[in-house]
Amino acid sequence: MAKDNLTAVLHGIEDMRLEQRPIPEIADDEVLLAMDSVGICGSDVHYLAHGRIGDFVLTKPMIIGHESAGVVAKLGKKVTTLKVGDRVAIEPGVPCRSCDHCKLGKYNLCPGMVFCATPPYDGNLTRYYKHAADFCFKLPDHVTMEEGALLEPLSVGVHACKRAEVTLGSKVLILGAGPIGLVTLMAAQAMGASEILITDLVQQRLDVAKELGATHTLLLKRDQTAEETAELVQKTMGGQPDKSIDCCGAESSARLAIFATRSGGIVVVVGMGAPEVKLPLINALAREVDIRGVFRYCNDYAAALALVASGKVNVKRLVTHHFDIKETAKAFETSRKGLGGAIKVMIHVQPRDTNN
Ligand code: NAD
């Protein structure tokens, strides 16, 4: 096996380095993966810029990256479900499997979760990486490695739609047309929503949403109140949405989600912005609008893979830029500044399409 294990390591704020790391030794229930594709997520950029997200603080060097797919290079002794050469999507969080949350099937809430590139745990923008075999999802031959990497954000969209109880005929408002808003749009369509309105402050993002099948798009103006925008939403949709999913994290957006949702409906908050915000709580409670949080995903990877494999969603459209791992700094700059209309920036650890 090659000795080269070039790895992208975040040492601190604005301090990302490419360096050689030892190839990891695997435990009996793990596989060694030759990494192929790793997408850049907003959280990766946030750690680079700020060194923390909420209570997760970078206190030691951390390998970045968690939206990923790789090829099985070595099997732990007890692994029977995979074989060397299998192409897999990597679900990046491995829970303890024994706490109450894990036992109840809500493993995304496990306090012992080991999640790639969430301090203090390393991610997988590296040539060789080890992972629990049961959190690797074998890709069918026709699903590309890039699509495998994109199962990560898609799983967030699937989970958000499940939390919102999107179903046949749902009228859905999605706030924010970034990668997460767009995967939520695709998941909502696949789950039977009949009408979807998506908002953003940037027309180009809304154009992509329209191309992906949004029924309506709404370009927001910063000087509009949430109540005014809620009226506009109602007018555009010919009624109030029964589900609203915030995918941007702005206070104004969460406020709009509450005002816009019909009485008895559901607001789901995916976007992570300021830790404390001002919300019209009485409006929500007096109209029995449920407000629900979303934290990553839980048992959603298989569904996300089925959506991609069946052709029901086209996540490929989200990828606007490609870089080699050696160009990691440039890739992060492109993602961070949205250069060239960047939506999802993909980093290739192997030359692109090597494993497709
Ligand atoms: P992004 O920044 O790329 O996209 C956000 C989009 O929202 C942008 O297009 C921006 O123009 C738009 N926007 C900003 N303010 C707006 C407003 N007031 N109204 C409407 N649109 C507005 O981010 P992303 O990668 O798509 O992620 C979206 C959010 O989801 C982030 O806050 C991220 O931290 C969060 N997130 C949460 C989870 C979770 O588990 N809860 C998982 C992944 C991402």
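Begin by selecting Pro120, which is found in the loop between strand E10 (114-115) and strand E11 (128-132); please keep in mind throughout that this is a predicted model. Show the backbone here, and look at the peptide bond that runs from Pro119 to Pro120, which is cis, with omega near 10°.

Next, select Arg97, whose place is in the loop between strand E9 (93-94) and helix H2 (100-103). Although Arg97 is not a glycine, it has a positive phi of about 75°. As background to these two stops, most residues other than glycine have a negative phi, and most peptide bonds are trans.

If you turn the model along its principal axes, the C-alpha atoms fill a box of roughly 60 × 40 × 35 Å.

From this overview, select helix H3 (residues 145-163) together with helix H4 (179-190). Two packed helices are described by the angle between their axes and the distance between the axes. H3 and H4 pack at an angle of about 60°, with their axes 8 Å apart, and they are therefore oblique to each other. The crossing of H3 and H4 is right-handed.

To see which residues make this contact, show the side chains of Pro153, Leu154, Val156, Gly157, Val158, Ala160 and Cys161 in H3, which meet Pro179, Ile180, Val183, Thr184, Met186, Ala187 and Ala188 in H4. Sorted by class, the contact of H3 with H4 has 12 nonpolar, two polar and no charged residues.

For the last stop, select the ligand and the 28 residues that surround it, of which the closest are Gly176, Gly178, Ile180, Cys248 and Gly249. The elements that give two or more residues to this shell are helix H1 (42-50), helix H4 (179-190), strand E14 (195-200) and helix H7 (251-260).

Which element gives the most to the shell around the ligand? It is H4, with three residues. Finally, colour the shell by class, and you will find that its residues divide into 15 nonpolar, 10 polar and three charged.

Conventions: Residues numbered from 1 in each chain as written. Predicted model: local features only at pLDDT ≥ 70, side-chain atom pairs only at ≥ 80, totals over all residues. Near = placed C-beta within 6 Å. Helix = DSSP H or I, 4+ residues; strand = E, 2+ residues; numbered from the N terminus. Nonpolar A, V, L, I, M, F, W, Y, C, P; charged D, E, K, R; others polar. Axes fitted to C-alpha atoms, helices over the stretch in contact; angles between N-to-C directions. Parallel < 35°, antiparallel > 145°, perpendicular 65-115°, else oblique. Left-handed = near helix turned anticlockwise from the far one by under 90°. Contact = placed C-beta atoms within 7 Å.
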